[in-house]
Structures are given as C-alpha cells and as structure tokens.
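Here are a few notes to read with the model open. Have a look at the backbone first, then go through the points one by one.

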Amino acid sequence: MLGLHRVVAGGGRSDLGRRLDIPQTARPLHLIWSYATAIAAIHAFALLAFVPWFFSWTGVVLAVLGLYVFGTLGINLCYHRLLTHRGVVCPAWLEHALAILGVCCVQDTPARWIAIHRRHHAQADEQPDPHSPRAGFLWAHLGWIVVRNQDLVRPGLVSRYAKDILRDPFYARLEPYPCWVGVILLSWLLFFVGGFVAEWMLGGSVDQALQFGLSLLVWGVFVRTVLVWHITWSVNSVAHLWGYRTYETGESSRNNLLVGFISNGEGWHNNHHADPRSARHGHQWWELDVTWLTIRLLAAVGLAGRIATPSVQRQPGQQGALEPPPAKD
Ligand SMILES: [Zn+2]
Ligand SMILES: [Zn+2]
C-alpha cells in the first residue's frame, strides 16, 4: 500500500489556513477586458440551453461526450499529464491531435497553460502562486484569469517555464494570437455546419437545419466549454480547500471526491502534488481516475509509453521514490 509520507486527514502545515494576498504582480487590479468579455459571452451563450428552441438530444449527447473528448483527452491527458509533467509519451501525431482538443477548450495555448501550471507547482499556495484559494475562492476559481498579472505575461512566462514546449514547431506555430483563436472558431463552425448539413441532407427545411446546427453549437460547444472550464477551475479552487489529504505536501492540496469524479481524475489533487510526474492520480481503489484508465488503454494498443507511475508504489530508496518536499518557514 501507499506507505511513504502519508498524513492524517486534515494534516498539513499549520500556516496553510492563513490568508494570502493576491500576487503583488497582479496589483493594482486591472481587468483584462478581452478575457472577461469572452468568458461572460460564452456563459451567456451557454444559458441559451434553457431556451427550448435550442434543444436537441444530439446536442446533449455531444455535450456529455465533449466533457470526455475535450476536457479529459485535451486538458487532463494532453495539456496536464503529458505536456506539463511528461508523465506519458504518445506518438507526435496523437499528441498534437490531443493538444488541438485542448486548445478548443478555450484555456489558452499549450505553452501558456503549461507555463502557468508549472508556476503553480513551483510555489503552490505561497507567493507568487497565480491561483491559490488562500487569496480567496473567487480569485482561485476565476479572478486570476481576468486580472492582469505581470508574472503571467506570455513571452517571459513561457520562455521561463515552457521552453521545451516551444521547441516543437507545432506548438510554436499555435502560439501567436490569431492562430489558436482561429482553431477555436473553426471548431465551433464545424459543430454548427455539421449539424446544419446533416439535418438538411436528411430532408429538413432550412429553418430546421438552422435550429439543429445552433442546438449543436449551444450544447456541444458552449455548454460543454463552460462545464469543462468550471471543472478545471475547481481543481485550482475547490481541490486546494476541501477534501482529505493522503500526503504531506507542503501546500494545501486536497483529494476532493466531487472534483475527482467530475473531472475524471484531476481532483485527486493531493496525490498529484505529492507526485506530480505520475500519470496516475487516483491512488486508492475508490479514487476513480478515468484519465489514467485512458492512458492504460492507449498503452495497451501501443499508443502510449514511458508512463510514470506513482513513486509511492516503488520501494523506498529506488530511483524515483517520492521524497518529502523541503520544509519551508
Ligand atoms: Zn494544485
Ligand atoms: Zn500538475
């Protein structure tokens, strides 16, 4: 069983409950209007799901499937476990295809997402963690995204934390502003046009085709995007506040049952902070980790290799065995 550096639930450093200021580099508070407007607009478009005219069962199915295809494969598997932590390796064509799914989640480019997340791991719940909930739940969930933070300005941050990503010309080409936004808009168009054409070819009128195309856009794109956002954001906010701690990690990460299940494995966040490189975040039998099961499936068909498993399953002293983080004052 998991023997090393385990702690009792609720354990941790005594000062972790102390409030943290938002990073100095984010002051004075300055709203990034483009991000705030985009996030508000996509939430508003998702609310159209409550208008019956935009409903279709196909749209609902696409929204549910999209949580897995875009959220789990794009963000969890590719952006996080593969690119950020290098816990698994896939053939380049598959890695790049998964990264495009990640881009479609409107969570920024691979290089910047990865740089921000590595920044988080470097100083989690200390200054200048970009999104610690010790600076407030709303700050950790959403605020940090829409407030300008000099520490997260693209060129400096990426060259410091994600140089390896940009060495791949595929990611370097995605990085400039119009390119990644173009990928997102193209994916949205595909949902609408796909629905429109399918309905029209099945004998529907232009009105019916328009209604069906828009139902796929509202449900398959906007509802799904908003759900994936809040799931990802909950890992930063909820899973650093509530849940149990299996390991003493030197920050306040938690294994949160709700986030663990709805995120397909990312909510076993204390396990993850204890052993960031591991591609497996669920350590106990009840910690269902669909992302990990997907990686195993890919490995079984020869599409994933060099998989990092939890160090805590290795014998102490073996290479890769988990070392406790250095004590901080
Ligand atoms: Zn964290
Ligand atoms: Zn991570």
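A quick definition to start: a helix crossing is called left-handed if the near helix is turned anticlockwise from the far one by less than a right angle, and right-handed if clockwise. Keep in mind that this is a predicted model.

1. By that convention, H4 and H6 cross in a left-handed way. H4 covers residues 110-122 and H6 covers residues 154-161; they pack at about 70 degrees, with axes 9 Å apart. Angles of 65 to 115 degrees count as roughly perpendicular, so H4 is roughly perpendicular to H6.

2. Who makes that contact? From H4 come Ala-111, Arg-112, Ala-115, Arg-118 and Arg-119, and from H6 come Arg-154, Leu-157, Val-158 and Tyr-161. Sorted by type, the contact of H4 with H6 has five nonpolar residues, four charged and no polar.

3. Most peptide bonds are trans, and most residues other than glycine have a negative phi. The bond from Arg-27 to Pro-28 is cis, with omega near -5 degrees; Pro-28 sits in the segment before helix H1 (33-47).

4. The Gln-127 to Pro-128 bond is cis too, with omega near 0 degrees. Look for Pro-128 in the loop between H4 and helix H5 (137-146).

5. Arg-86 is not a glycine, yet its phi is positive, about 55 degrees. You'll find Arg-86 in the loop between helix H2 (57-84) and helix H3 (92-103). Arg-86 counts as partly exposed because it has 14 C-beta neighbours inside 10 Å.

6. Asp-108, also not a glycine, has a positive phi of about 80 degrees and lies in the loop between H3 and H4. Is Asp-108 buried or exposed? It has 20 C-beta neighbours inside 10 Å, so Asp-108 counts as buried.

Note on methods:
Residues numbered from 1 in each chain as written. Chains lettered and ligands numbered in written order. Predicted model: local features only at pLDDT ≥ 70, side-chain atom pairs only at ≥ 80, totals over all residues. Axes fitted to C-alpha atoms, helices over the stretch in contact; angles between N-to-C directions. Helix = DSSP H or I, 4+ residues; strand = E, 2+ residues; numbered from the N terminus. Parallel < 35°, antiparallel > 145°, perpendicular 65-115°, else oblique. Contact = placed C-beta atoms within 7 Å. Nonpolar A, V, L, I, M, F, W, Y, C, P; charged D, E, K, R; others polar. Buried ≥ 20, exposed ≤ 12 C-beta atoms within 10 Å, placed from the backbone.
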